[in-house]
Amino acid sequence: MTAYDVLERQLLREDLAYHQARVLLLIDAVSKAQGHARKLDGLTKLAKLDFLLRYPALAPLVLDGLEVSDSRLNLTDVELAEPTNVEAPMVRYKYGPWDDRYYSIIGALVGRGLLRYVRGRKGSVALTTTPAGKRLAVDMGKSRQWSAVGERSQAIAEASAGMSGSALKDLIYQRLALLMDRPHRQVIK
């Protein structure tokens, strides 16, 4: 990895627009996929699906409906060889992988009219894309920069159909036990 690659990854980790774009693509994919009731229900579910999106080589280990050979995952040789060397790592928290930026990311997307809150389970935050959010997600999915993330989001959304955030958390802890066996707030790498 060159010094430029290291700097680029560091800048991406700090770029809220980058994180907002990824989360928008993920929520849009979940809202469209069968088995999710046209919404992403719960921050736990968002965090676990986002973990699988950020660490795509681990997604087939957690989700039975995915295989490493799934072309929608667009896995590179580097991702397969170093599955935890990602551009935007997460931390291990109380219920598995987490990112403290979710509140500001969601607030920004709702504030821009790209996401809206919908009725979820009692006490949960449920989100879906607005018409403007859907249009932007489609346009982003067609772009060279975001097409791979869009395809990965769709594959992960389809493979996680019918699963709650808690069920995803349990699978992550079960199937990635060595990776999750770390103190709270430690970076998953």
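Modeller: Strands S1 and S5 run antiparallel and are joined by two bridges. Within this pairing, Leu40 has Leu127 of S5 as its bridge partner. The model is a predicted one, and the description that follows should be read accordingly.

Taken together, the three strands form an open sheet in the order S1-S5-S4, with antiparallel pairing. Strand S1 (40–41) and strand S4 (115–118) are the edge strands, each pairing on one side only.

Strands of a sheet pair through backbone hydrogen bonds. The side chains of a regular strand alternate between the two faces of the sheet. In S5, both faces are covered: Ala126 and Thr128 are buried on one side, and Leu127 and Thr129 are buried on the other.

As for the helices, the axes of helix H2 (residues 16–32) and helix H6 (residues 102–111) come within 10 Å and cross at roughly 75 degrees. An angle of 65 to 115 degrees counts as roughly perpendicular, and H2 and H6 are therefore roughly perpendicular to each other. H2 contributes Leu16, His19, Gln20, Val23 and Leu24 to the contact, while H6 contributes Tyr102, Ser104, Ile105, Ala108 and Leu109. Of the residues in this contact between H2 and H6, seven are nonpolar, three are polar and none is charged.

Notes:
Residues numbered from 1 in each chain as written. Predicted model: local features only at pLDDT ≥ 70, side-chain atom pairs only at ≥ 80, totals over all residues. Heavy atoms only, no water. Pairing = 2+ DSSP bridges. Helix = DSSP H or I, 4+ residues; strand = E, 2+ residues; numbered from the N terminus. Axes fitted to C-alpha atoms, helices over the stretch in contact; angles between N-to-C directions. Parallel < 35°, antiparallel > 145°, perpendicular 65-115°, else oblique. Contact = heavy atoms within 4.5 Å. Nonpolar A, V, L, I, M, F, W, Y, C, P; charged D, E, K, R; others polar. Buried < 20%, exposed > 50% of the residue type's maximum accessible area, 1.4 Å probe, protein only.
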